[in-house]
Amino acid sequence: MEQNQPEQRRAADQVFQQSLEQLEDILQENLTEEEEIPQLHTSNFTEAELDQDLIDIDLAALEDAVADIEKYLEEITKTQLG
């Protein structure tokens, strides 16, 4: 059986090398496809408008969310410890 192992290893190596070549071909195809696709900007918002949206976050809602997360984490910790 030991005599068969080098042959099996060579066959496995050959299959592996073929798989690597196929993967390389696929990656090359994907790279050329991405290069051909133009980058489109679908957003009509300006950076100033996006910045304003970030500023308008409801602070009370954010604080409530943090409190809910803290409560959830405390409950999990109690369940795991006790």
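This is a predicted model: local features need pLDDT of at least 70, side-chain atom pairs count only at pLDDT 80 or more; totals for chains, interfaces and linings use all residues.

On the surface, Asp25 gathers with Glu21, Glu24 and Glu29 in a patch of negative charge.

A nonpolar patch is also found on the surface, formed by Phe16, Leu20, Leu23 and Leu27. Together these four residues contribute about 380 Å² of accessible area. Leu27 lies in helix α1, which spans residues 4-36. With a relative accessible area of 47%, Leu27 is likewise partly exposed.

The table sets out the two residues described above.

| Residue | Relative accessible area | Class |
|---|---|---|
| Leu27 | 47% | partly exposed |

As for the chain overall, its secondary structure comprises 3 helices and 0 strands, giving the pattern α-α-α along the sequence. Of the 82 residues in the chain, buried residues make up 0%. The accessible surface of the chain amounts to about 8400 Å², and carbon and sulfur atoms account for 54% of that surface.

Helix α2 (residues 47-55) has the lowest mean pLDDT of the elements, at 65, whereas helix α3 (residues 59-81) has the highest, at 88. Over the chain, pLDDT averages 77, and 66% of the residues score at least 70.

Key: Residues are numbered from 1 along each chain as its sequence is written. Side-chain values use heavy atoms; hydrogens and water are left out. Patches are made of residues with over 30% relative accessible area and no salt bridge: like charges are joined within 9 Å, nonpolar side chains (Val, Leu, Ile, Met, Phe, Trp, Tyr) within 5 Å. Accessible areas come from the Shrake-Rupley method with a 1.4 Å probe; for residues, only the protein chains shown count as cover. A salt bridge is a side-chain nitrogen of Lys or Arg within 4 Å of a carboxyl oxygen of Asp or Glu. Helices (H or I, at least four residues) and strands (E, at least two) are DSSP runs, numbered from the N terminus. Buried means under 20% relative accessible area, exposed over 50%, partly exposed in between (1.4 Å probe, protein chains only). pLDDT is the predictor's confidence in each residue, from 0 to 100. Lys and Arg count as positive and Asp and Glu as negative; His and the chain ends are not counted. The place of a charge is taken as NZ of Lys, CZ of Arg, CG of Asp or CD of Glu.
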